[in-house]
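Please examine the structure shown below together with its sequence. The paragraphs that follow lead through it one region at a time.

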Amino acid sequence: MPTVRFRFPGGRYHATPWGHHVNEGLIEWPPSPWRVLRALIAVGFAHLGWKQIPPTAVRLIEELAGVLPFYRLPFATAAHSRHYMPYLEGKAQKTTLVFDTWANVGDGELLVHWPCALDADEAELFAALTSSLDYLGRSESWVEGELVADQSVDWDCLPCEQHRPRGSDWEQVSLIAPVPPEAYLQWRSLHIEQPAAAAAPVKRRGPKKVKSDDNGPCPPNLVSCLTKDTAWWKSRGWSQPPGSQRVLYWRSSDRMQTAPPACPTPVNHEPVAIALLAWTTPSGNRAALPMVERTLPQAERFHRQLVAAVGNGRRTDCPEITGRNEFGLPLKRQHDHSHVVPVDLDNDGRLDHLIVFAKSGLGDAAQRAIRRVKRTWAKGGVGDIQVAVAGMWSSFTQSVSSVQTLALPNLIKNSLVAVLGPPGGARVWKSSTPFVPPRFLKRSGKNSLVGQVQAELRSRGFPEDVEVGVDPVLTRNLRHFVRVRGRTAVPPPVDVGFGLRLTFSEPINGPLLLGYASHFGLGLFVAEKS
């Protein structure tokens, strides 16, 4: 009595039960006897060179069709994917949602046992057919078959008509199987003698006619039934292949389970101090990137995207991005939250990178939000800008020493070092974006230009012993920067920007941003080469 072992190299079995649509999300488990026999016949034509079914194969198929097989099923879990399949409707291309459902069997083995006797020729042919199987079910359901010796197995999927009702841990499943060959011949003779009881052929519109053959609506034998495709029996009015029957099986209820969706365990990232993001356009045209004068609005737009991404539709506690504590109140230390700084590192006048850093560190939620934002937008019909993380560092010192390891051109590396400061720090820093005073300017005192610069340095922990000089050339070059924030933001007390040169008594490290909208790229200073 033959037993076949099936393995699924892909770990999946794809098949839809008879009479159901693929989008119903049902799985034929185990494979129906009708499906297995048709697969064996197909292998003979595809791999063994059959032009017609040989007599040995006819005897083999009839022996297997005369009994209902037993199954030993591996544990399986129902799973599915969904995608939109394109199709043409007239001249328009549309899409329709398609579900692909499968049994996730892993490395489990399926045993199928037919309680019948085979002679030596039939067993040899059966072994050749099973070993040549490529797939069972849909084409993505890869399979390896092997004829094995009889084994003492506790079968867990059995025909209902041959076994008594099982307990509550068993369930009934419907499969399609061939009728015994003798029973088909008897039915066929009665069907031909009573043609009025036959199903009427399907009426078609148009000139297309149904092909006729000598056998009429009924194939001459059961093996011929198994070779007919769907178009053949549907064109003759059959709703089910002739020679087939519905059979009920008892299946152990734990052999097919529906598990909740597998949610990946979130990885808690260690806090980082700084993140570098690269910008590009879908076409790769760098001339389509926003001008450096758009630093402030581009930074504010990206920050709004970060705030939306960090919550992902829910309220969350991420003070380094939102600038507010768990009660929704502004942070007491106003410069502990993140700075979102678009920068031009290749010195072509267009923003090509963005730096996000926070003195308090970027936690796990902030890092997920940064990775989640894949694109941003630019004003003026430029369109969308693709965003990718180029690097993250746990400290500012580490970021400076790791810049040389990045796969970036030397020009960009040197510009990044100028923003972060060289390893030993720098004494002279000059404006890259205009310094906008955060308060009304006075001629002298704490609200003078020098007083406001010193106050900004003090609030950020930088030394106040600094020489402040206004560079007329820098000021003139930076006059076109947009210095007014969005409609809901408070405008600066004085809408004027300065190009400054700061000289410290001792070297300091960056990033260094001071003044109004310094968290969004204004007031950025870069180290000047000594």
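Between strand S13 (338-343) and strand S14 (353-362) runs a loop that contains Asn 347. Although Asn 347 is not a glycine, its phi is positive, at about 60°. With a relative accessibility of 52%, Asn 347 counts as exposed, because the cut-off for that class is over 50%. These values, like those below, come from a predicted model. The mean pLDDT of the chain is 85, and 91% of its residues reach 70 or more. Residues 206-215 have a pLDDT below 50, and this stretch has eight contacts in the model beyond near neighbours in sequence.

A positive phi is also found at Ala 517, again in a residue other than glycine, with a value near 60°. Ala 517 belongs to the loop between S20 and strand S21 (524-527).

His 337 is buried, because its relative accessible area is 18%. Which residues surround His 337? Leaving aside residues up to four places away in sequence, His 337 touches Pro 319, Glu 320, Gly 323, Leu 331, Phe 357, Ala 358 and His 519. With His 519 there is also a polar contact between the two side chains, at 3.4 Å.

The next region concerns a helix and its cover. Helix H12 comprises residues 449-459, and its buried residues are Leu 449, Gly 451, Gln 452, Val 453, Ala 455, Glu 456 and Leu 457. The cover over these buried residues includes strand S18 (466-470), strand S19 (500-508) and strand S20 (512-513). Just after H12, Gly 461 adopts a positive phi of about 85°.

In the loop between S18 and helix H13 (472-477) lies Asp 471. Asp 471 is buried, because its relative accessible area is 14%. Its contacts, residues up to four places away in sequence not being counted, are with Gly 499 and Arg 501. The side chains of Asp 471 and Arg 501 are joined by a polar contact of 2.6 Å. How far is Asp 471 from Arg 324, C-alpha to C-alpha? The separation is 36 Å, for two residues 147 places apart along the chain.

The loop between S19 and S20 contains Pro 511. The peptide bond leading from Gly 510 to Pro 511 is cis, with omega near 0°. A cis peptide bond is found at Pro 30 as well, where the bond from Trp 29 has omega near 10°. Pro 30 is placed in the loop between strand S2 (12-13) and helix H1 (33-47).

Helix H3 (residues 120-131) includes a charged residue, Glu 122. Is Glu 122 buried or exposed? Its relative accessibility is 4%, and Glu 122 therefore counts as buried. Residues up to four places away in sequence excepted, Glu 122 touches Thr 56, Arg 59, Leu 60, Glu 63 and Ala 117. With Arg 59, the side chain of Glu 122 forms a polar contact of 3.3 Å.

Two further helices are in contact with each other. For helix H7 (residues 295-311) and helix H9 (residues 364-372), the axes come within 8 Å and cross at roughly 115°. The crossing of H7 and H9 is right-handed. On the H7 side, Leu 306, Ala 309 and Val 310 take part, and they meet Ala 365, Ala 366, Ala 369, Ile 370 and Arg 372 of H9. The residues of this contact comprise seven nonpolar, no polar and one charged.

A last stop is Trp 238, in the loop between helix H6 (230-235) and strand S10 (244-252). Trp 238 counts as buried because its relative accessibility is 15%. Between the C-alpha atoms of Trp 238 and Gln 454 there are 90 Å in space, and the two residues are 216 apart in sequence.

How values were computed
Residues are numbered from 1 along each chain as its sequence is written. This is a predicted model: local features need pLDDT of at least 70, side-chain atom pairs count only at pLDDT 80 or more; totals for chains, interfaces and linings use all residues. Side-chain values use heavy atoms; hydrogens and water are left out. pLDDT is the predictor's confidence in each residue, from 0 to 100. Contact means heavy atoms within 4.5 Å. Axes are lines fitted to C-alpha atoms, for helices over the stretch in contact, and angles run from 0 to 180 degrees between N-to-C directions. Helices (H or I, at least four residues) and strands (E, at least two) are DSSP runs, numbered from the N terminus. A crossing is left-handed if the near helix is turned anticlockwise from the far one by less than a right angle, and right-handed if clockwise. Buried means under 20% relative accessible area, exposed over 50%, partly exposed in between (1.4 Å probe, protein chains only). A polar contact is a pair of N or O atoms within 3.5 Å; within protein, one must be able to donate a hydrogen and the other to accept it, and residues adjacent in sequence count only if both atoms are side-chain atoms.
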